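Please keep the sequence and the model in view while reading.

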Amino acid sequence: MTIKAFPLSEVLAVSGIHPFYNPNILYPPNPDEIQSAVQSADARSTETMSSRLELLPLTTKKELYQVVERLTKDTSPQNEYRRSSYVSITGGGSGGLPLMFLSDAKENRQQRAAFGEFLRTSGVVDPHDWILTTHASGYMYRSLDLMSEILENAGGTVFSAGNFMTPDEVVRALVQYNINVLTGDGSQVIQIIHHISTLPEEKRDGIKLTKVIYTSEPLTDGQERHIRTTLGPVKICSVLGSAEAGPYALHNPDLTGEARLNGSMDFVFDTRSDLIEILPTSVMESDPPPSLKAIPEGQEGIIVQTSLQRRRNPLVRYITGDIASVHPLPDIARSIVPESELQHLRVLRLRGRDRRFSFKWYGVYFEFTNIEKFMQREGFGILQWQIIRGTHDSSPQITLEIRMLREAASEHLISLQDFVYEMETFFFVLPENRHLFRLTFIENLGEFEKSGTGNKVMKFVDRAH
C-alpha cells in the first residue's frame, strides 16, 4: 500500500513556527517558510523523534480553536490560514456559525487517496461494490463529497444520494440499481434501516444489501442487531475521523472479530499515517494538561493524536477526548491484509467519548462547556436545563430531548418563537432529524431526572446506552 505521509521531523519543524503551537507567531508559515523549515528539519531516527514528541506540550480543543477563531476572522494578505484550504466543520459550536478547521487542499486530496487505498487493502470496499451514500451536504458540511471520493479511491462505484432524499426514495434507488452497500452517518443509516423494517416483505425482497459502512456516532449493540434482523447477515463496517485529523481508522469485523469488550469497538489504523499515544485520563483534569508520557499498549486512557498527513497546519499531540487502548492486530487479519502491511497496523479499541466533556447526536459532537455558555445567554431566562439522549419509540434511532425551566415571560426575554429557533440552530436540527428532537418546557424541578445519590438534577442523561 502506498502511503503518502510526512516524516514526523517535518511535521514537528513546521509546528515550531505555527501559531497553533507557538504563541509568539502571528500567522502560519508561507510555502517558502515551510520549505525552509523542512530542509532544516532534524533527520534523526523515528525513535529519536518520537522521544522528542513526548516532551512537547499537549494540545486541547479549547486552545486550538482560540487560535483558529482568530485566524479565521483575520483577512490580512499575510494570513496563510485563509489560503487554498479545505474547510471541515466542527461540531458543537457556541450558538453562532460553527468554527472550521482548515487543512491544505492538496494535503486533503492526498489523504483521501491514501485512506481509500487503506479501505481497499483492508477489505472494507471491494472493486465490485455499488455504494449508495446518504452523507450530509450543505449547511457547511462536507461529508458527502469527502466520503464519496474516499470510497471511489477505494475502488467502489458511488451513488451520491445525500441527506435530502427521503428513506422511500433511497430504498427505490437501492432496488433500481442493485446497490449492495449502504453508507452514511450512523443516524442516517438507522433511519433508512428502520424504514426498510416497516416495508411489506415483497418490497424488502428487492433490497440486496450485503454491507453497511457508517461514520460519525457509533452504533449500539441494539442498533446493529436491528440492522441484521432487517437485512440478514450483512457485514457492518465503520470509518473513524474528525475535522482536525480527517479519516484515520476503520472497523472491519473480518480483521478484528465481531466481539465487543465492555461496549468498545475495534478500529484499525496505520502508524505511518497517524501516531496515537494513550495517556492517563488524569490529563483531562488539569488546565493546562500535564505533558505525561504514553501508557503501555493494552492499557486504556485518552487518545492523543499526531497526524502525519497534516503538515501545513499540523496536528501535534492533540487530545481528541476519546477513550481507547492500542493493541496488536489479531492473527485473523492475515487472511486479508498483505504480510508487508501487517507490521504497520494497530488496533485502536475505542470505548467512546469521555462523557464528562461531550456527547454526540446525529453526527455532531457537543461540548458541555459550549452548551453551558449557550444556556446562559442573556434573554434566554433559563433557570435549569437537562439533556436526555434516548431512542425513538420501538426503533433504535437516537433522540435528543432538551428539558428546561424558564423564567416567566418579561420584557428582557426573547420571544418563544425566537428562543425555539436559537435552540434548534444550536443543536443542528434539520428536516431529516426534526422528528428525533424534542424541546420540553417544564414547570418545576420535579420534572427533571435526578441522581439517585444526591437527588440533584443531572445535566446529561444517556438512555441510549
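Two strands are said to pair if DSSP finds at least two bridges between them. Helices (H or I, at least four residues) and strands (E, at least two) are DSSP runs, numbered from the N terminus. The model is predicted: local features need pLDDT of at least 70, side-chain atom pairs count only at pLDDT 80 or more, and totals for chains, interfaces and linings use all residues. Residues are numbered from 1 along each chain as its sequence is written, and side-chain values use heavy atoms, with hydrogens and water left out.

In the open sheet, four strands lie in the order E18-E17-E16-E19, with mixed pairing. Strand E18 (437–441) and strand E19 (460–462) are the edge strands, each pairing on one side only. From one strand to the next, the twist averages 15°; angles run from 0 to 180 degrees between N-to-C directions, and axes are lines fitted to C-alpha atoms, for helices over the stretch in contact. Three bridges link strand E16 (residues 382–391) to E19 in the parallel sense, and Ile388 stands opposite Val461 in E19. Helix H13 (residues 368–375) packs on this sheet and touches E16, strand E17 (398–406) and E19, its direction making about 140° with that of E16. Contact here means heavy atoms within 4.5 Å.

Within it, Leu132 has Phe159 in E4 as its bridge partner. Together with H6, strands E3 and E4 make a right-handed β-α-β unit; a crossover is right-handed if, with the strands pointing away from the viewer, the path from the first strand over the helix to the second runs clockwise.

Helix H6 (residues 143–153) also packs with helix H5 (residues 105–121), at an angle of about 50° and with the axes 7 Å apart.

Helix H8 (residues 186–197) and helix H10 (residues 221–231) cross at roughly 40°, their axes coming within 10 Å. H8 and H10 are therefore oblique to each other. Among the residues in this contact are Val189, Ile193 and His194 of H8, and His226, Ile227 and Leu231 of H10.

Definitions and conventions:
Parallel < 35°, antiparallel > 145°, perpendicular 65-115°, else oblique.
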